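Colleague: I'm new to this one. Can you walk me through it?

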Amino acid sequence: MRSDLTYAEAVREALAEALAADERVFLLGEDIGVYGGAFGVTGDLVHRFGPERVRDTPIAELGIVGAAVGAALAGMRPVVEIQFSDFTAQAMDQIVNQAAKIHFMLGGEASVPLVLRAPTGSGTGAAAQHSQSLEAWFAHVPGLKVVMPTTPADAKGLLLAAIDDPNPVIVLEHKLLYRTNGPVPAGAGRVPLGTAAVRRRGADLTIVATGVMVSRALDAADQLAAAGVAATVIDPRTLTPLDADPILASVIETGRLLLVQEAPRTCGYVAELAALVAESRAFGYLRAPIRRLCGLDAPIPYAPQLETACVPQVPEIVTAGGELVKEW
């Protein structure tokens, strides 16, 4: 176990190990070669593996993903980098109508082992067209797996598992996590897709958070603990397929559920989690209404103060969690 890798370095290490282990793996995307990627994630990989396997592409997301779908059908294992997840809108036909459906429309006779990596979320002053959280778009599409790693170890382990997967996986990497450090196991260990992580345990309140909100929820849980409120924090890690059992078991224990996401509230992913609990036997154990804490239903502003105000911060999670326990 090492403690000196950032999230970005962990992603790069996973890519390097996959490129070294399997000649079918190749990378493609805008400025991923000599430039090293929009956020520096691919780094020196083009010098280590050559431009045939770390391919710079034109600014043409539909074409990039289309080429990757074709390569995957031909037996390769492409890993696409989209500079900002917002730009996946340019490639939705290939992602939704082709990659996600081909395996099913051909009766399982073909597969699309494609991985699409994309930086997501706000906090970098990149404004409305570069700061969205679009995970609910993809989680709604049958045939796509959606991953949101929150630690360097998971960034590496989940990406390796995604590259192994025989069908398309979208890995959404929050921009604010790229420079965070954490322990990363040595070697090519996988984190299985569809397994949630319980980051902290407490008997008074269950907090389920996604993406960068996991670290904010943990900070909030520390503050709540100082006030006598013990919170469990659960990180789904994989939105689809979802590992629901830890969430339901925790709700049965605590009776209170706070759901936190950066994306806008309306039709967001955590609404699905609320429905899941409401339809399960855990519903009978609730002692308080399920509460969602989400981003505003507004485009992310450029101004730093407004950008911060648009998405949940630690004090808001502390307040919401404290109210759930105090009032119910």
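**Aromatic pairs**

Modeller: A search of the whole structure finds 5 aromatic pairs. Rings of Phe, Tyr and Trp (its six-membered ring) pair if their centres lie within 6.5 Å; planes under 30 degrees apart are stacked, over 60 edge-to-face, the rest tilted. This is a predicted model: local features need pLDDT of at least 70, side-chain atom pairs count only at pLDDT 80 or more, and totals for chains, interfaces and linings use all residues. Residues are numbered from 1 along each chain as its sequence is written, and side-chain values use heavy atoms, with hydrogens and water left out.

Colleague: How do F39 and F84 pair up?

Modeller: They sit edge-to-face, 5.4 Å centre to centre, with 65° between the planes.

Colleague: Why does that pair tie together parts that are apart in sequence?

Modeller: F39 is in the loop between strand 2 (25–29) and helix 2 (45–49), and F84 is in the loop between strand 4 (77–81) and helix 4 (92–99), so the linked parts are 45 residues apart in sequence. Helices (H or I, at least four residues) and strands (E, at least two) are DSSP runs, numbered from the N terminus.

Colleague: Is F84 buried or exposed?

Modeller: F84 is buried, at 14% relative accessibility. F39 is partly exposed, at 29% relative accessible area. Buried means under 20%, exposed over 50%, partly exposed in between (1.4 Å probe, protein chains only).

Colleague: Which residues form the aromatic cluster?

Modeller: Y7, F39, F84, F87 and Y178 form one cluster.

Colleague: Switching topic. Where is T238 found?

Modeller: T238 is in strand 12 (residues 238–240). T238 is buried, with a relative accessible area of 1%.

Colleague: What does T238 touch?

Modeller: Leaving out residues up to four places away in sequence, T238 touches V146, V147, L158, L193, G194 and T195. Contact means heavy atoms within 4.5 Å. A polar atom of the T238 side chain also lies 3.1 Å from the backbone nitrogen of G194.

Colleague: And the whole protein? How many helices and strands?

Modeller: The protein has 12 helices and 14 strands. Of its 328 residues, 55% count as buried. The C-alpha trace spans about 60 × 45 × 40 Å along its principal axes.

Colleague: What share of contacts join residues at least 24 apart?

Modeller: The share is 82%, among contacts between residues at least 6 apart in sequence.

Methods:
Polar contact = N/O pair within 3.5 Å; in protein donor to acceptor, adjacent residues only side chain to side chain.
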